[in-house]
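Welcome! Please open your viewer and get the selection tool ready, then follow along one stop at a time.

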Amino acid sequence: MIIKNKAYLYVTEFFAGMSVMAVELGASRLLAPYFSSSQIVWTIIIGTIMIAMALGNIYGGRSADKNPNPDKLYGRMIVAAIWIAAIPVVGKYLILGISALFIFSVSSNFLIVAAFAACMVIFVFPLFLLGTVTPSLVKYTVDSLDDSGKTVGMLNAFNTIGSIIGTFVPTFITIPAVGTSVTFLIFAGILLVLSLIYFISTRTKRRGAVVGIVLFLVCCLLGTSGGFAFWEKQLTYEGESVYNYLQVKEDDESVVLSTNVLFGVQSILKKDKGLTGMYYDYAMAAPLMAGVQDRDQTDVLVLGMGTGTFATQCGRYFDGVRIEGVEIDEKITKLARQYFELPEEVPVVTYDGRAYLNAVDRKYDVIMVDAFQDITIPFQMSTVEFFMKVKEHLNGGGVMVVNFNMRGQEEGNINQYLADTISRVFGQVYMIDVAGSTNRALYAFDCDEALQVFQQNIEKVPQKELADLMGHIRQGMKRYEAGDYVMTDDKAPVELLGMQVIDKLIQGEVKYYKDVYKREGLSGLLRGL
């Protein structure tokens, strides 16, 4: 009988460990389009999975002592496999349903509560079942106390090696190549095959095995149809990269890139070749402050290139601009070339923004920092040390422009932290809110003549729409009075600060619907929607 073959038990342990890590990484990709991929979300995922595994270890050990029948273990593995295979089918609906429930009942820490609840509902049960594997296999493999240490060590080694491989394969192979849904199905299929081999060899529970196969095939058919934004019928592109969920949407006026299924615009292309009406337009004040109209060549570096909206705008409105971009997600750059008309002559380096500054010696007249998305602000690009590195790469009279995409109002909000941090590095910091959005543009420089140069360059702008906007910015920008909220490489709580702003934004967005629900109940809310 195959259960007597220790090699097969070690193989079972190996693939169980691999599947746990694959599900964990798949969980992060399933949740990221809805809740972001911040350290907060990762903490929730790791915490809930450890809870599930701990409970599974306890139950598995007790169950194996009480009834040492391998049928029980491999039966649980079939159930786990089917549950994991069903995640691509129902997972996104559960996430949206849970979010809708909590958005009306939770007044603070929505991100934490909703993400934790989603993890508990979707992932705890199958990982609880996989947590029973190791203690059960110990029961079946230990022949005597004389070799128990060696046997348990071998099992743990196979589990660890499987976990290591299960960490790298989804990230670098399956998710970029075939997506999150198929990744879940692949590892569910591995667990199912392991269990089927056992039951075929023992000639037991054939009916259960057949049911498992049928359900798995149904999940394969349904789990690969439809994307994360399943309600969107006219998406130009939907896919995933190593770093992001990616969505391209097009209408008669524009092409938009988003890395979130529900909200946010990471890049935009206006088909009429005019201004975007967004913060990219406000960022064009920086080249004017650096004297773009007075130079034969202005060197611009964009950290967080996206699909090149700012680069395209600068190239369209200013002469003699040489632009370089840094974008960590190579797939976004490919989308930029394909859908957003980013010229091939604009170089884009696939690299982390801070690491790029550490690696190059070049200096620039303008550096735009646009690597901030929802609450996933890279902490290494929000500290005093980072902004000092930016300053080192600016020419005399150079300007840094930063896009803040979450406008906080309360004391100690993330914008205040970032602005105070930047003020420790640059002598002059000015800010202006972007009309019609939650964005805020910040300009930082040391040149005392920058604002005078700005005004003189505005007068030389030939395009009326741009000149009018720049005049509005000149009148509306205010010098920032720095406080003491400073972030360093040692301490930069960007995720928690970002979450606070997200909570405020969500509360503001749903207040109307909460009031409708209080007055008219569920039926009134449904009519309002």
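Predicted model: local features only at pLDDT ≥ 70, side-chain atom pairs only at ≥ 80, totals over all residues.

Residues are numbered from 1 along each chain as its sequence is written, and side-chain values use heavy atoms, with hydrogens and water left out.

**Stop one: the sheet**

Select strand β1 (residues 235-240) and strand β2 (residues 245-250), which run antiparallel and are joined by 5 bridges. Strands here are DSSP runs (E, at least two residues), while helices are runs of H or I with at least four residues, numbered from the N terminus. Two strands pair if DSSP finds at least two bridges between them.

Now colour Gly239, whose bridge partner in β2 is Leu246. Glu240 stands opposite Tyr245 in β2. From there, follow the hairpin of 4 residues that joins β1 to β2.

**Stop two: Thr383**

Next, select Thr383 in the loop between β8 (364-369) and α14 (384-392). Is Thr383 buried or exposed? Thr383 is buried, with a relative accessible area of 0%; buried means under 20%, exposed over 50%, and partly exposed in between (1.4 Å probe, protein chains only).

Show the neighbours too: leaving out residues up to four places away in sequence, Thr383 touches Arg354, Thr421, Met487, Thr488, Asp489 and Ala492. Contact means heavy atoms within 4.5 Å.
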